[in-house]
Amino acid sequence: MDSVAKDDADRYRAPALDKGLDILELLAATEEGLSQAEIAKALDRTPNEIYRMLDRLTRRQYVMRTSADRYELTLKLFTLVHQHAPIRRLVPLAMPELRAFARRAQQACHLAIYDRGHVVVIAQVDSPGYWGFAIRVGSHVGLFNTGSGHVLLAFATPRERALMMEEHAVMPHERVPADIEERLAIVRRQGFEKMHSQQTAGVLNLSVPIFGPNGGVAAALTCPYLERSDTTMAPDADEALALLRISASRIMPAPAEG
């Protein structure tokens, strides 16, 4: 960061806000909660500094204090995210189709959007069977190494795609393939992505675009397909892809008001 940018960053600092956001981000990455002392140590703060912020976050119901005297996130942030207009319109429209696809294909599926540098899973449905592969709602996935990312890039406008590539927060073990433009051209031509998962062996990512009312890509619908050996009745990968494309064609976000 050059000196001018650093001066600007220092000028507009809000230490109390930064402290609160640091706590929320830390707790979001922790499954079992943390004590006040553990939070203070992780953030290199004194327990007294952390106490007042935890008290306010608890009173505002972003954080809860457990009987074991540990702090955990509540679902308030999740609720706020789903009050965001694009998600509020898209998820209710998509969920019936996601459930129908999961039932017909006997596979899990999830819906992802691109939002300010991240590919974010905003809805997910499990396989109806007793096994399956699923990604948690709220997870960030790669832009360059996932089916969802390829679809969102491929069907964006050239200007949007350039911006996405520039601002994307590259994840650990993610790299930009040298042939990414050629791959995206194939995805556009065939209308879907079909690729072996670069994160999980045995998973075949089937991804298709969902278009908004203005014709732009609004989201990617993805099935992390697992071949079943316990039945001959389940759809194969090509059949699942066909079902996925039908489901995507039936999902359309409502036009924004105004």
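Select helix α10 and begin with Asp238 and Ser249, which are exposed (over 50% relative accessible area, found with a 1.4 Å probe on protein chains only; under 20% is buried, and in between is partly exposed). The model is a predicted one, in which local features need pLDDT of at least 70 and side-chain atom pairs count only at pLDDT 80 or more, while totals for chains, interfaces and linings use all residues. Residues are numbered from 1 along each chain as its sequence is written, and side-chain values use heavy atoms, with hydrogens and water left out.

Next, select Ala237, Ala240, Leu241, Leu244, Ser247 and Ala248, which are the buried residues of α10. They cover an arc of only 120° around the axis (taken from the directions from the helix axis to the C-beta atoms), so they lie on the same side of α10. Asp238 and Ser249 are on the other side. An α-helix has 3.6 residues a turn, so residues three or four places apart point the same way.

Now display the whole of α10, residues 237–249. Helices are DSSP runs of H or I with at least four residues, strands are runs of E with at least two, and both are numbered from the N terminus. At the start of the helix, a side-chain oxygen of Asp236 comes to within 3.2 Å of the backbone nitrogen of Asp238.

Move to His168, in the loop between α8 (158–167) and α9 (180–190). Is this residue buried or exposed? His168 is buried, at 7% relative accessibility. Contact means heavy atoms within 4.5 Å; leaving aside neighbours within four places in sequence, the residues in contact with His168 include Tyr114, Val141 and Phe144.

Then select Phe155 and Phe211, the one aromatic pair in the structure. Rings of Phe, Tyr and Trp (its six-membered ring) pair if their centres lie within 6.5 Å; planes under 30 degrees apart are stacked, over 60 edge-to-face, and the rest tilted. Here the centres are 5.6 Å apart and the planes at 85°, so the pair is edge-to-face. Phe155 is in the loop between α7 (147–154) and α8, and Phe211 is in strand β7 (residues 204–211), so the pair ties together parts 56 residues apart in sequence. Phe211 is partly exposed, at 32%.

Methods:
The expected span of a helix is 1.5 Å times one less than its number of residues. A polar contact is a pair of N or O atoms within 3.5 Å; within protein, one must be able to donate a hydrogen and the other to accept it, and residues adjacent in sequence count only if both atoms are side-chain atoms.
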